[in-house]
Amino acid sequence: MKDKNTKNLRKSMNRGSVEHETKVADNEGEIMTLAKKDVISIPPTKSIKEAAEMMIEHGFRRLPVTHPGSNKLLGIVTAMDILDFLGGGSKFDIIEKKHDDNFLAAINDHVKEIMTRDVISISPKFSIRESVDLMTENGIGSLPIVDKEDKLVGIVTERDFALALAGSLTNETVGDIMIKDVITTTPGTPIESCSKIMVRNNLRRIPVVEEEKLIGIVTSTDILRFFGDKEMFASMTSNSGLDVLKRKISEIIKPNILVTESSVRLGDLCELLAEKNIGGVPVVDDDQLVGIVTERDILNTVLKE
């Protein structure tokens, strides 16, 4: 199935704009060959804390929100939404204003308070090309798939597209597509500041450097896991959100991280990402951080071909 998916994806990505406009029948519906059909979703009354715990448990970065009776799509909540809520952006107002800075009360509020309601979704009849175009044009990492009654029947992510191409990317190297202007942070950075960097720059991971040396990486999932840690709650001296957010990221960074080199073949990198179930890695040459590469960079490379 993987070989078939890769062939279909590459074939679809190479189709011309005229065919895209006319929606050739043979190309419609192929998105379901890549989509995950057994989608885990949550009701709008699920707590923010429970949503974060589910993401961590299943290794997800997003959860569709559906009506518990009809399974109709109501919204979607992402790891970035929760980071925004935890101090990274405007959704932190929920903690400060609605809950009077009571962090414990806020994280037990309903996920509907922070979910995205106007979800960009597609039908099962979409082609791969249409789906990729829609995702990249709107700068989003996933597309829920709904039927005629708006019931959730699947989801496809940029990782699904990028990893399906692992076997066909033979000439490109990591150095060809990596982001060279890397945003980094230091181990003494407060979690609040790190969350803001992620939200404002739409970053899911930030390399951590000390004295110009890469010492670790912090991801959106690491921050979610920290906020769900029972020991963290036990060590709180108050219910204040600010009390939690002042903690340093040195408490949560991963010291033993996977890295790659700029000379690595892109197809090999895709296989590494799939094997380790991660979305990106720092690029290190001669012990120096020279870039970072993610599944989105891989997908954008394919679009340019």
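Predicted model: local features only at pLDDT ≥ 70, side-chain atom pairs only at ≥ 80, totals over all residues.
Residues are numbered from 1 along each chain as its sequence is written, and side-chain values use heavy atoms, with hydrogens and water left out.

**Stay on Glu-212.** It sits in the loop between strand 5 and strand 6 (213–219). Helices (H or I, at least four residues) and strands (E, at least two) are DSSP runs, numbered from the N terminus. Check the backbone here: phi of Glu-212 is positive, about 65°, although the residue is not a glycine. Most residues other than glycine have a negative phi.

**Step across to Gln-288.** It belongs to strand 8 (residues 288–294). Gln-288 and Glu-212 are 76 residues apart in sequence, yet their C-alpha atoms are 7.9 Å apart in space. Not counting residues up to four places away in sequence, Gln-288 touches Glu-212, Lys-213 and Val-283. A contact means heavy atoms within 4.5 Å. Gln-288 counts as partly exposed because its relative accessibility is 35%.

**Go to Asn-202.** This residue is in the loop between helix 10 and strand 5.

**Select helix 10 and helix 11 together.** Their axes are 11 Å apart, and the helices pack at an angle of about 140°. Axes are lines fitted to C-alpha atoms, for helices over the stretch in contact; angles run from 0 to 180 degrees between N-to-C directions. The crossing of helix 10 and helix 11 is left-handed. That term applies if the near helix is turned anticlockwise from the far one by less than a right angle; clockwise is right-handed.

Show the side chains. From helix 10 come Ile-191, Cys-194, Ser-195 and Met-198; they meet Ser-220, Ile-223, Phe-226 and Phe-227 of helix 11. By class, this contact has six nonpolar residues, two polar and no charged ones. Nonpolar covers Ala, Val, Leu, Ile, Met, Phe, Trp, Tyr, Cys and Pro; charged covers Asp, Glu, Lys and Arg; the others, Gly among them, are polar.

Is helix 11 enclosed or open? Six of its eight residues are buried, so helix 11 is largely enclosed by the rest of the structure. The buried residues include Asp-222 and Leu-224.

**Select Gly-89.** It lies in the loop between helix 4 and helix 5. Its C-alpha is 8.1 Å from that of Ser-195, 106 residues away along the chain. Gly-89 counts as partly exposed, at 27% relative accessibility.

The largest nonpolar core has 38 residues; Val-77, Ile-82, Phe-85, Val-218 and Ile-223 have the most contacts inside it. Among the elements that each supply at least two of its residues are helix 3 (48–58), strand 1 (62–66), helix 10 (191–201) and helix 11 (220–227). Helix 4 gives the largest share, six residues. A nonpolar core is a set of buried Ala, Val, Leu, Ile, Met, Phe, Trp, Tyr and Cys residues joined through side-chain atoms within 4.5 Å.

Pick Val-77. Leaving aside neighbours within four places in sequence, its contacts include Ile-42, Met-55, Leu-63, Ile-82 and Met-115. A second, separate core has 14 residues, including Ala-35, Ile-128, Met-135 and Leu-143.

**Next, Val-156.** Find it in strand 4 (residues 152–157). Val-156 is buried, with a relative accessible area of 0%. Beyond four places in sequence, it is in contact with residues including Ala-35, Met-135, Leu-143 and Phe-161. Its C-alpha is 7.6 Å from that of Ile-145, 11 residues away along the chain.

**Zoom out.** The protein chain has 15 helices and eight strands. Of its 305 residues, 47% count as buried.

**Finish by colouring by pLDDT**, the predictor's confidence in each residue, from 0 to 100. The protein chain averages 82, and 82% of the residues score at least 70. Over residues 1–6 the pLDDT is below 50. It also stays under 50 over residues 15–27, a stretch with nine contacts beyond four places in sequence in the model.

Definitions and conventions: Buried < 20%, exposed > 50% of the residue type's maximum accessible area, 1.4 Å probe, protein only.
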